[in-house]
Amino acid sequence: MSSCTSGTGAESYETAIQNTWRHSKGEPGGQSALLRELVRYATLAPSSHNTQCWRFRIEDAAISILPDLSRRCPVVDPDDHHLFVSLGCSAENLIQAALANGRMGHAAFYTAGGNALRVSLESTHAVTSALFQAIPERQSTRAEYDGKPLARQELELLERAGTGSGVRLIFLTEREAMERVLEYVVQGNTTQMNDRAFVEELKTWIRFSANEAIRTGDGLYSASSGNPSLPPWLGNLLFDLFFTPKNENDRYAKYVRSSAGIAVFVADDAGPAHWIEVGRSYERFALQSAALGIRNAFLNQPVEVAALRPQFAGFLGVGNRRPDLVVRFGRGPKLPPSLLDRRRLVKDMAWSRVLSVGVEEIDEDHRKLVAIFNILNHAVIDRESPEYMAAVLDELNPSS
Ligand SMILES: Cc1cc2nc3c(=O)[nH]c(=O)nc-3n(C[C@H](O)[C@H](O)[C@H](O)COP(=O)(O)O)c2cc1C
């Protein structure tokens with residue numbers, strides 16, 4: 001990506017999206033190249049504020065997806081709900097791409113290993129699904145849509161794709177019900193925009209210019225939200241002037257009224273494992289809609305503002321379940337895609353025979369050193385406590 005930063009922002013942005021939003025260039029040769037390619041597909045997933053809050057660890061016949069807690073958004077997502085939903089989206093891409101490459105992915109969630117989602121891969125017949133084909137096409141499209149309803153068969157396909165294990169999908173396509181959702185969106189949006197901490201956190205993830213988006217490889221690029229691409233100093237100034245509750249609420253009213261419908265994802269239970277399932281379900285929905293040329297975008301204010309959630313659940317009739325995601329859909333223009341940073345592999349140091357000094361006792365010590373280095377590396381990423389770090393470092397003490 002560094003070569004993309006030369007030239008004008010617009011030219012290099014075009015190059016960057018062509019390099020990012022694409023299928024594999026030919027067959028990946030060998031298992032190691034295949035696993036890296038699957039990780040690349042996994043990164044083409046949506047994440048809250050485009051934080052790309054994931055890390056990947058490649059094993060022999062498995063890939064683990066780990067939360068990157070340094071990319072948390074504590075204000076909008078204090079309990080990491082969106083963070084784990086994002087990991088689920090990434091896992092679904094990985095599993096669809098694995099199947100297209102003759103590997104069946106089985107996902108298992110381990111709280112003990114720092115909340116890792118391990119996808120083990122087993123050989124099978126390759127199946128290139130429409131969902132896999134749509135991975136480079138998928139987008140969170142924050143634009144006005146054309147207001148036309150979808151065909152019944154299209155709604156059925158979306159419902160089938162978005163219903164998951166313990167995750168159900170509620171469709172609202174009647175105008176009256178959609179107006180009720182808009183009321184919740186406006187209420188939630190007004191609360192968030194009057195919260196200084198929310199606005200400050202959001203601002204740290206906004207990328208006002210193409211060059212800024214390319215440099216960071218993350219965050220919310222202005223043009224991907226239908227706003228002009230501007231030098232950061234000007235973008236910051238205009239943001240403070242025009243990012244007002246009234247302007248944003250008017251924008252959301254147009255978004256809702258131009259949509260064909262709204263889908264709400266509701267899991268049977270709460271907690272990271274369930275939120276990952278919500279992410280997998282949403283991602284299948286998003287890929288299915290991309291395959292049909294249908295756009296979608298989030299309207300998550302009613303589920304992000306904790307005080308609103310029970311009222312919204314009451315409106316939906318889901319009792320004390322937590323509504324997880326609110327998504328509008330319809331047909332409309334595609335916007336400039338967001339940019340991604342693919343350097344998220346956790347590099348474990350591996351001890352191999354070339355490191356041997358030929359003395360078993362010393363080799364054994366070196367193996368232990370490498371293992372401790374890897375544990376520390378993960379502990380830093382997982383933001384483990386100083387006590388935990390001290391206990392790991394204590395392993396280096398010859399008397400321990
Ligand atoms: C769990 C989750 C929550 C999200 N919440 C919102 C939201 O409230 N509003 C919004 O406009 N986009 C939301 N997004 C979309 C992300 O901003 C988007 O995925 C990211 O910017 C990358 O863009 P892309 O999806 O087009 O690749 C959310 C995405 C995820 C996975």
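This note goes through a predicted model, from its overall build to the surroundings of its ligand.

1. Overall build. The protein contains 15 helices and 10 strands. Its radius of gyration is 22 Å, close to the 21 Å that the globule rule gives for 400 residues, so the protein is as compact as a globular protein of that length. The C-alpha trace spans about 75 × 50 × 50 Å along its principal axes.

2. Burial and contacts. Of the 400 residues, 40% count as buried. Among contacts with a separation of 6 or more, 73% are made by residues 24 or more positions apart.

3. Strands β1 and β2. Strand β1 covers residues 54-58 and strand β2 covers residues 62-67; the two run antiparallel and are joined by five bridges. They form a hairpin, with three residues between them.

4. Strands β2 and β4. β2 also pairs with strand β4 (residues 116-123), in the antiparallel sense and over four bridges. Here the bridge partner of Ile 65 is Leu 117 in β4. When viewing such strands, keep in mind that in a regular strand the side chains alternate between the two faces of the sheet.

5. Two residues with positive phi. Most residues other than glycine have a negative phi. Asn 50 has a phi near 50 degrees, a positive value, and Gln 52 also has a phi near 50 degrees. Asn 50 lies in the loop between α2 (30-43) and β1, and Gln 52 is found in the loop between α2 and β1 as well.

6. The ligand shell. The ligand is surrounded by 17 residues, and Asn 50 is among the closest, together with Pro 46, Ser 140, Phe 298 and Asn 300. The elements that give two or more residues to this shell are α3 (81-100) and β9 (295-298). α3 gives the most, with four residues. By type, the shell divides into six nonpolar residues, 10 polar and one charged.

Key:
Residues numbered from 1 in each chain as written. Predicted model: local features only at pLDDT ≥ 70, side-chain atom pairs only at ≥ 80, totals over all residues. Near = placed C-beta within 6 Å. Nonpolar A, V, L, I, M, F, W, Y, C, P; charged D, E, K, R; others polar. Pairing = 2+ DSSP bridges. Rg over C-alpha atoms; globule rule 2.2 N^0.38 Å. Buried ≥ 20, exposed ≤ 12 C-beta atoms within 10 Å, placed from the backbone. Contact = placed C-beta atoms within 7 Å.
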